[in-house]
Amino acid sequence: MLITPHNFLFILLVLLISLCPSWAQEKIQPRTIVSFEKTQLLDRYISEGASIGDIDKDGHKDIVAGNLWWKGPDFKVTYAYGPVKYFPITGPGLEGYSNNFFTFPSHIDGNRWTDILQVGLPGTESKWIKDPGKNSFPLTKMVPEPVYQNALGNVCHESPSLVNVIGDVQGELLAFSQGYLVLGLASSKKGENWQMLPISLKDEGKFKKYSHGLGAGDINGDGLVDVIERSGWWEQPKNWDRATPWAYHPFPFSPGKGGAQMFSYDIDGDGDNDVVTAIDGHGYGLSWFEQIEYGGEITFKEHTVMTNSPEDNPYGVSFSQLHAMSMTDIDNDGIPDIVTGKCYYAHNGHDPGAEDPAVLYWFKTQRYEDGPAELVPYKIDDNSGVGRQISTGDLNGDGKMDIVTSNKKGVFAFIQK
């Protein structure tokens, strides 16, 4: 065969493909106009989660992490509503962990001021603080202990959420407690513990401390919010009497350790809700599960997004310790997306990939007419990551979703440009 410049280049390309199959198969990400401006609000370890709420009732969203909050919309002024403690990032036993994992701003007592529900280390009692915006102090002053109100006791799960499951006035704390899968309901009487509403039978082996992987969403399309957990989903009954256990439908979403917060939405656009979850909050893996029907019953087909190998992701992305996740519409196309990242030193540096960069990503829900949908990764940052709770919301009122996170690297805000 006569070698010409044209077929020489072709032969060279074939040779490169044969030598580098993973490189040759890697897809090019669709272009996006989404970008973020990073602000580090604190460079010390105070909490494993950050949240968003209007703490001082001025109409602007504020950022909360531990006993601190940053006043919006510019987040340049910091207040404390309780004593501030900074924690080491490593240590024996539980010394290398904050005692604050989650904060949930909410109108718990029904007045116009925002309250804050705090959840600490797994197995401890949750508690809430009334109207912290009325009782906050500059960091230059001694800050007294706030008046803690009782909430749900023995919160054992590492991915609890405050979500309106049963359709009442306010959200319930979805968690494990005392060997049950429960909803914690705020008491209408001052000073009383929150009511524990079990939705499962008692199983201390299944619903134990340090469990991972939990969320909520309407799986069967009946208009009622169901509960999803790493081993299956619980179907909310119509006209629930707040006592009868819900029907359990087993499915191994993440049959190992479980991941983080789980979400259910219509990923592929076929009219029913699918499930997305991290596979191991202290290891590797991210998948979405397409809802299908088999034998007249709901089941799921797994679509792998990431594993421990970059070759298993079409865009060459892989990172470990996806211990926090949020669902929101990042690019304003009307379809929810996923935000997650690497939990920095989740087990004091003993997890797989612990020394890798603490990345933060958003995954665009991309639908196709001629094939399955996919979650397309876009890197936001490589020196922040997530803790146990990541929150999203419009921080500056421009109609775009922003991100806040807190972990052993500090507290961060990512404002979408």
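**Notebook: salt bridges, a sheet, pockets and a cavity**

I searched the whole structure and found 14 salt bridges (a side-chain nitrogen of Lys or Arg within 4 Å of a carboxyl oxygen of Asp or Glu). The model is predicted, so I took local features only at pLDDT of at least 70 and side-chain atom pairs only at pLDDT 80 or more, while totals for chains, interfaces and linings use all residues. Residue numbers start from 1 along each chain as its sequence is written, and side-chain values use heavy atoms, with hydrogens and water left out.

**Entry: salt bridges**

I looked at K38 and D381. Their side chains meet in a salt bridge at 3.1 Å, N to O. K38 sits in strand β1 (residues 36-42) and D381 in strand β26, so this pair ties together parts 343 residues apart in sequence. Strands here are DSSP runs of E with at least two residues, numbered from the N terminus. I checked exposure next (buried is under 20% relative accessible area, exposed over 50%, partly exposed in between, with a 1.4 Å probe and protein chains only). K38 is partly exposed at 34%. D381 is buried at 11%.

I then turned to D131 and K130. Their side chains form a salt bridge of 3.4 Å, N to O. D131 is buried, with 4% relative accessible area. K130 is partly exposed at 36%. Both belong to a network of salt bridges that links D109, K130, D131 and K134.

I also noted K202 with E204. The closest N and O atoms of this salt bridge are 3.4 Å apart. K202 is partly exposed at 48%, and E204 is exposed at 54%.

**Entry: the sheet with β26**

I traced β26 into its sheet. Four strands form an open sheet in the order β23-β24-β25-β26, with antiparallel pairing (two strands pair if DSSP finds at least two bridges between them). β23 (325-328) and β26 (374-381) are the edge strands, each with a single partner, so one side of each has no neighbour in the sheet. The twist averages 25° from one strand to the next (axes are lines fitted to C-alpha atoms, and angles run from 0 to 180 degrees between N-to-C directions). Strand β25 (residues 360-366) is joined to β26 by seven bridges. F363 stands opposite P377 in β26.

**Entry: pockets and cavity**

I set the terms first. On a 1 Å grid over the protein atoms alone, a cavity is a set of points where a 1.4 Å probe fits but cannot get out; a pocket is an open set with protein on both sides within 12 Å along at least five of seven lines; lining residues have an atom within 4 Å of a point. Grid points are joined across faces, edges and corners, and a volume is the space filled by probe spheres set on the points.

The largest pocket has a volume of about 710 Å³. It is lined by 32 residues, with F104, S161, L162, V163 and Q389 closest to its centre. Strand β6 gives the largest share of this lining, five residues.

The second largest pocket holds about 340 Å³. Of its 18 lining residues, N67, N99, Q118, K127 and Y148 lie nearest the centre.

I found one cavity of 30 Å³ or more. The largest cavity holds about 40 Å³. Its lining is S106, I108, L162, Q170, G171, A186 and W194.
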